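Trainee: I have not looked at this structure before. Can we go through it by question and answer?

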Amino acid sequence: MKIQPKVRGFICITAHPEGCAANVHRQIEWVRLQELLPKPPKTVLILGASTGYGLASRIVSVCGAKADTLGVFYERPSVNGKPASPGWYNTVALEVVALRTGRKFYSINGDAFSSDIKSKVVRALREKLSPVDLVVYSLAAPRRTDASGVTYQSVLKPTKQVFTSKTVNTDKGEVFETTLEAATDEEVLQTVKVMGGEDWEAWIRLLAKEGLLVPKATTVAYSYIGPEITWPIYQFGTIGRAKAHLMETAQRLHSFLSETLQGRALISVNKAVVTQASSAIPVVPLYNSILRKILQEKGLEEDCMQQIYRLFSGLFGGKEDWVRESETCVRLDDRELNPSVQEEVKRIWQQINTENLRTLSDFDGYQKKFLQLFGFECEGVNYEADVNLDRPMRHLLP
Ligand code: NAI
């Protein structure tokens, strides 16, 4: 069967297994060219391990730290001749490499917010792996049902007032003005429940209670701040309110872990990258298209993998090539927020329109990167060949 991309707004409903594998192999090759982390974690739990920053965290753990990993994600296997979701194929490709190199590699597919999946992780760590040195919290989800059964829905809206901004229709390549209504208090609360720190804290307290964190364990969650252009929709938007809660949670968790285990909790503020989650945020794809062009021209562009390797090098090797903002916050977005980069972004932002979109920004590169998330337009893949869509994971725990 041949697989073609079927894009519906900010999602592609098909995925190519060989293309997803090519993406993973490219990232693995890059990590293998770097130095091994001098003081690596031995066992790593990654929540949201199948795409974006979580996948990069798992690849660096496997290939840069030679760690055993347990990955949790919410992905769709192939059924009835339909392709699996990209995170499924990514994990299958990484699993092959991890098992070949003798690493323990287990995966759990299900809702990380649920008590059921939390119990499965506890059991898996106890029976198949060992207490963990590092917990990476990299979930990006539209909704959450908490332990008491209440479901919350996140929204991506400004909070203060109506926000009018340029944006791009990523299918048609048309720049236009969009107006986003301000969220209600209830919508803010619900977004904080989904993307704030409550679930991260529940995970860490559970693992500590179960004796599944080693002394000096680390936990890290990912956040974003970005430039003024996106503040109304990001930092001062519903998602920003959730990230502020995540930041407060890091302080609470840090006190708890440092007192009980001499451990640490922190937030890594990462740069903007093209992922499934970021593609869904209004205004951000246009900003990303401009940012990519400027960072590439200045030789400052980094992808998820390069960001996470830089983060882990500082955390587990002593080479802190990032800005430490506080005990519980490190900044990996220094290149993105470099004043010369942002001045250029602002200048282009004023001028950009549908006619000059492809010359003033890397919109073509953005579109290609978006399709690559789903395994399309990847170098070295024969898209004319028939592919087997059904790719089982060997160490997927029931
Ligand atoms: P992504 O969409 O690529 O990955 C999300 C991951 O969460 C996937 O592994 C998915 O399977 C998993 N997931 C979603 N719902 C789940 C559930 N209910 N149970 C278990 N797993 C679930 O997202 P991305 O962009 O890598 O985001 C990860 C974190 O990084 C987020 O906190 C995001 O805010 C942060 N971040 C993202 C930036 C970006 O530009 N993409 C920039 C800075 C931070």
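This is a predicted model: local features need pLDDT of at least 70, side-chain atom pairs count only at pLDDT 80 or more; totals for chains, interfaces and linings use all residues.

Trainee: How many helices and strands does the protein have?
Mentor: Both kinds of element are present. The count is 13 helices and 14 strands.

Trainee: What is the radius of gyration, and how does it compare with the globule rule?
Mentor: For 398 residues the globule rule gives 21 Å. The protein comes close to that, so it is as compact as a globular protein of that length. Along the principal axes, its C-alpha atoms fill a box of roughly 60 × 50 × 45 Å. The radius of gyration itself is 20 Å.

Trainee: What percentage of the residues count as buried?
Mentor: A residue is buried when its relative accessible area is under 20%. Out of 398 residues, the share that counts as buried is 56%.

Trainee: How far apart are the centres of the positive and negative side chains?
Mentor: There are 49 positive and 46 negative side chains. The centres of these two sets are separated by 5 Å.

Trainee: Is Asn 90 buried or exposed?
Mentor: Asn 90 is part of helix H3, which covers residues 86-100. Leaving out residues up to four places away in sequence, Asn 90 touches Cys 20, Val 24, Ser 50, Thr 51 and Leu 55. Its relative accessibility is 5%, and the cut-off is under 20%. Asn 90 therefore counts as buried.

Trainee: Is Lys 216 buried or exposed?
Mentor: Lys 216 sits in strand E11, residues 213-223. Its phi is near 65°, a positive value in a residue other than glycine. The cut-off for exposure is over 50%. Lys 216 has 56% relative accessibility, so it counts as exposed.

Trainee: And Val 283, buried or exposed?
Mentor: Val 283 belongs to the loop between helix H8 (276-279) and helix H9 (284-297). Phi of Val 283 is positive too, near 75°, again in a residue other than glycine. At 0% relative accessibility, Val 283 counts as buried.

Methods:
Residues are numbered from 1 along each chain as its sequence is written. Side-chain values use heavy atoms; hydrogens and water are left out. Helices (H or I, at least four residues) and strands (E, at least two) are DSSP runs, numbered from the N terminus. Buried means under 20% relative accessible area, exposed over 50%, partly exposed in between (1.4 Å probe, protein chains only). Contact means heavy atoms within 4.5 Å. The radius of gyration is taken over C-alpha atoms; the globule rule is 2.2 Å times the number of residues to the power 0.38. Lys and Arg count as positive and Asp and Glu as negative; His and the chain ends are not counted. The place of a charge is taken as NZ of Lys, CZ of Arg, CG of Asp or CD of Glu.
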